[in-house]
Amino acid sequence: MSYKFDTLITILNKLDRREHVTARSLMDEFEISDRSVYRYMDTLLTAGFPINYDRKKGSYTFDEGFTLTRPSLSTGEILGLALAKKLLTKFGPGFENSFNKLEERLAAKRTDVTGHIILSSEELPEKTGRYLGFLHQAIINFQRVEIVYRALSTSQVTTRKLDPYYLFFEGGFWNLRAYCNLRKDLRVFALDKMISLNTLDEHFVPRPVSPHEELSGAFGAYLDGEPVEITLLFDKEIQSSVLRRKWQQRQEVKTLPDGRLEMKFAVKGADGIRNWIYRWIPYVEVVSPDWFREIVRGDLKKSLLRYDPR
């Protein structure tokens with residue numbers, strides 16, 4: 001069996017080097033019958049190798065463009081690979097090492113083809129990079145983790161055991177979606193707010209959690225509020241700026257007769273969209289719901305007092 005495997009490898013290498021390969025040359029080299037040669041070729045074809053017999057050359061060959069050592073990469077594919085490396089290596093040395101290994105396997109030429117493209121992403125903190133690796137392993141192994149966590153809003157420090165489900169990147173930060181055994185519910189935890197993280201010798205039975213469904217109703221990293229539909233109006237002069245991108249998967253957009261832009265968002269809680277709205281002041285108005293309109297009105301009044309305290 002090992003001799004047969006070695007023979008298959010030798011045949012593949014010959015084809016990859018574009019040698020003249022015929023049934024007779026293989027019979028002579030390996031001292032086998034023509035029936036054995038055809039069995040070897042059938043085995044390679046069944047394994048998915050694109051081998052044909054070129055009558056003009058009188059030789060077995062790989063399909064045009066196929067190679068064992070180097071994929072045929074187009075200029076666009078090389079650019080895409082370089083851009084991905086340039087962006088993701090900012091997330092820590094683990095990503096950079098992975099890309100270097102990938103390039104070695106692809107036998108891609110290492111040239112900085114994107115030196116003229118500047119990506120503004122800040123480098124990922126070393127601790128966050130390590131946590132990504134630990135959490136990735138914990139998620140695929142259904143392994144519980146323990147964190148010491150400083151809450152973003154209150155700065156309160158707690159120790160929690162989590163059942164990790166998925167990681168997502170939002171607003172420049174990595175976040176973990178996990179079941180919190182302290183709060184007995186699903187929560188979002190920012191990796192940069194984790195003081196420490198340890199994997200435990202404990203496993204959990206996963207709950208039916210759909211990242212796509214959860215994130216489609218999110219605005220930013222906020223996933224846990226009550227569902228609410230928010231309607232906003234934007235002045236005509238900033239319409240092009242607001243429409244430059246899609247801000248949320250469930251948004252609805254309509255241009256009104258007076259030129260203003262109406263946008264509706266179905267979100268989970270108003271906290272995520274609240275800060276986003278303020279970036280458009282004074283060109284935005286909250287139409288509904290009324291309770292959220294009053295919250296925004298109160299925030300604006302507080303802000304005005306900073307400029308006119310009388």
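User: What percentage of the residues of the protein count as buried?
Analyst: Buried here means under 20% relative accessible area, exposed means over 50%, and partly exposed lies in between, with a 1.4 Å probe and protein chains only. This is a predicted model, in which local features need pLDDT of at least 70 and side-chain atom pairs count only at pLDDT 80 or more, while totals for chains, interfaces and linings use all residues. Residues are numbered from 1 along each chain as its sequence is written, and side-chain values use heavy atoms, with hydrogens and water left out. Of the 310 residues, the share that counts as buried is 35%.

User: How many helices and strands does the protein have?
Analyst: Helices (H or I, at least four residues) and strands (E, at least two) are taken as DSSP runs and numbered from the N terminus. By that rule, the secondary structure comes to 10 helices and 11 strands.

User: Which residues touch the most other members of the largest nonpolar core?
Analyst: A nonpolar core is a set of buried Ala, Val, Leu, Ile, Met, Phe, Trp, Tyr and Cys residues joined through side-chain atoms within 4.5 Å. The largest has 21 residues, and those that touch the most other members are Leu232, Phe234, Phe265, Ile273 and Trp276.

User: Why do the buried residues of helix H9 lie on the same side?
Analyst: In H9, the residues Gly272, Ile273, Trp276 and Ile277 are buried. The arc, which is that of the directions from the helix axis to the C-beta atoms, places them on the same side of H9 because it covers only 125°.

User: What do the buried residues of helix H10 pack against?
Analyst: Helix H10 spans residues 290–307, and its buried residues are Phe292, Val296 and Asp299. They cover an arc of only 60° around the axis, which puts them on the same side of H10. Contact means heavy atoms within 4.5 Å, and the elements that these residues pack against are strand S8 (227–234), helix H9 (271–278) and strand S11 (284–288).

User: Which exposed residues does the face of H10 turned away from its buried side carry?
Analyst: With Phe292, Val296 and Asp299 buried, the face turned away from the buried side carries the exposed residues Asp290, Lys301, Leu304 and Leu305.

User: Is Gln248 buried or exposed?
Analyst: Gln248 is found in the loop between helix H8 (239–242) and strand S9 (252–255), where it touches Ser216, Gly217, Ala218, Phe219, Phe265, Ala266 and Val267, not counting residues up to four places away in sequence. Because its relative accessible area is 3%, Gln248 is buried.

User: Which backbone oxygen lies 2.8 Å from a polar atom of the side chain of Gln248?
Analyst: A polar atom of the Gln248 side chain lies 3.0 Å from the backbone nitrogen of Arg250. The backbone oxygen at 2.8 Å from a polar atom of that side chain belongs to Ala266.

User: What distance separates the C-alpha atoms of Tyr283 and Leu233?
Analyst: Tyr283 is found in the loop between H9 and S11, and at 32% relative accessibility it counts as partly exposed. Leaving aside neighbours within four places in sequence, Tyr283 is in contact with Leu233, Phe234, Asp235, Glu237 and Ile238. Although Tyr283 and Leu233 are 50 residues apart along the chain, their C-alpha atoms are separated by 8.3 Å.

Technical notes
The expected span of a helix is 1.5 Å times one less than its number of residues. A polar contact is a pair of N or O atoms within 3.5 Å; within protein, one must be able to donate a hydrogen and the other to accept it, and residues adjacent in sequence count only if both atoms are side-chain atoms.
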